[in-house]
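Here is a friendly walk through the strands, helices and aromatic rings of this fold. Please keep the viewer open as you read.

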Amino acid sequence: MHAIIVSAQGGPEVLEYVERPDPVPGEGEVVVDVAASGVNFIDIYHRSGAYPLPLPTTIGSEGAGTVSAVGPGVRDVAVGNVVAWASVLGSYTEKAVVPANRVVPVPEGVPAEVAAAAMLQGMTAHYLTHSTYKVREGDQVLVHAGAGGMGQLLIQLAKLKGAKVYTTVSTSEKEKLARAAGADEVLGYDDFAQALSGKIDVVYDGVGKATFDGGLEALRPRGLMALYGAASGPVPPIDPQTLNKQGSIFLTRPTLVHYIAARDELLQRASDLFGWISSGQLTINVSHRYPLAQAGQAHEDLAARRTTGKLLLIP
């Protein structure tokens, strides 16, 4: 089989397309013939060393495909099942080894590529809108980077909950995508804070350094900032007194792994996600597909913000 290996941390050039022996599942594991792997900013952090990993390693944190082998002790997953996973390293490959208790069944009405595209960002959007802050009808929500894969999903789920959704974009073409996802108002990055000052219930910020201060300004008293990413760079340390001055606001830095740690929670979030996709209530916009060997190009395009929607690697 072929896989993408990182032997030294650095730029996209460190992503090596190599041949490896076919894997054998261990206790409680399954081998999945990968139909597609999702590309996410966390992959860039793993590659660059922002989030250090033991090397060498295969990166990639989500995917979907068909189970081709099961290891000892596996009872609830069988050869031939179509499954998906998120927050498990090693999806940039033709054959992935995944713990059986971390895969979820993909229903017949959801193509494997769509499942791969939905898992990490879709379940992130789920926990952000249903757990980190439970969006309610009439809430005013700000979603940064509304044309990206995460932004489009957050907009859709917030609208399903009855919120009024504001979003930020950088170009007129991206504005069209954000509006198509359901955004009520679309703003530029330079003027959003002044336009929304003191009126937003929750800010969903995956951009980080460039938008964080403005997001705090946009929040109403006792509003919540959910900082779930840092595409523009990490946010500098913050004086807690700032939260007081802005109106006793709340700040959280959540991550998906803590919201799917229990298997029943993982299954519930995935079931909701696939149900919305099957019913047409949630659209997954796969904007770019790359051969596995072109993982480096996918990373370059994502980091440079040349893409909208979801990026996939196809073995």
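## The antiparallel strands

Strand β3 (residues 29-39) pairs with strand β4 (residues 62-70) in the antiparallel sense, over seven bridges. Two strands pair here if DSSP finds at least two bridges between them. Helices (H or I, at least four residues) and strands (E, at least two) are DSSP runs, numbered from the N terminus. Within this pairing, valine 30 has valine 70 in β4 as its bridge partner.

On to the next neighbour: β4 is also joined to strand β5 (residues 82-86), by five bridges, and these two run antiparallel. Here glycine 65 stands opposite valine 83 in β5.

A word on the source: this is a predicted model, in which local features need pLDDT of at least 70 and side-chain atom pairs count only at pLDDT 80 or more, while totals for chains, interfaces and linings use all residues. Residues are numbered from 1 along each chain as its sequence is written, and side-chain values use heavy atoms, with hydrogens and water left out.

## The parallel sheet

Six strands make up an open sheet with parallel pairing, in the order β10-β9-β8-β11-β12-β13. At the edges stand β10 (185-188) and β13, each with a single partner strand, so one side of each has no neighbour in the sheet. On average, neighbouring strands of this sheet are turned by 20° against each other, direction ignored. Axes are lines fitted to C-alpha atoms, for helices over the stretch in contact, and angles run from 0 to 180 degrees between N-to-C directions.

Which strands does β8 pair with? Strand β8 (residues 140-143) runs parallel to strand β9 (residues 164-169), joined by four bridges, and pairs in the parallel sense with strand β11 (residues 200-205) over three bridges. Glutamine 140 has lysine 164 as its bridge partner in β9, whereas leucine 142 has valine 203 in β11. Together with helix α3 (residues 149-160), β8 and β9 make a right-handed β-α-β unit; right-handed means that, with the strands pointing away from the viewer, the path from the first strand over the helix to the second runs clockwise.

## How the helices pack

Two packed helices are described by the angle between their axes and the distance between the axes. The axes of α3 and helix α4 (residues 172-181) come within 8 Å and cross at roughly 30°. That makes α3 roughly parallel to α4, and their crossing is right-handed. Angles under 35 degrees count as roughly parallel, over 145 as roughly antiparallel, 65 to 115 as roughly perpendicular and the rest as oblique. A crossing is left-handed if the near helix is turned anticlockwise from the far one by less than a right angle, and right-handed if clockwise.

Now take α2. The axes of α2 and α3 come within 9 Å and cross at roughly 45°, and the two helices are therefore oblique to each other. With α8, α2 packs at an angle of about 110°, the axes being 9 Å apart; α2 and α8 are therefore roughly perpendicular. The crossing of α2 and α3 is right-handed, and that of α2 and α8 is right-handed.

## Aromatic pairs

The structure holds three aromatic pairs. One of them is formed by tyrosine 127 and tyrosine 259, which are stacked at 4.1 Å centre to centre with 10° between the planes. Tyrosine 127 lies in helix α2 (residues 112-132) and tyrosine 259 in the loop between β13 (250-252) and α8 (263-279), so the pair ties together parts 132 residues apart in sequence. Rings of Phe, Tyr and Trp (its six-membered ring) pair if their centres lie within 6.5 Å; planes under 30 degrees apart count as stacked, over 60 as edge-to-face and the rest as tilted.

Elsewhere, Phe41, Tyr45 and Tyr51 form one aromatic cluster.

## Buried and exposed residues

Tyrosine 127 is buried, with a relative accessible area of 1%. Buried means under 20% relative accessible area, exposed over 50%, and partly exposed in between (1.4 Å probe, protein chains only). Tyrosine 290, in strand β14 (residues 286-291), is buried at 7%.

Is aspartate 264 buried or exposed? This residue of helix α8 counts as exposed, at 58% relative accessibility. The C-alpha atoms of aspartate 264 and alanine 231, 33 residues apart along the chain, are separated by 30 Å.
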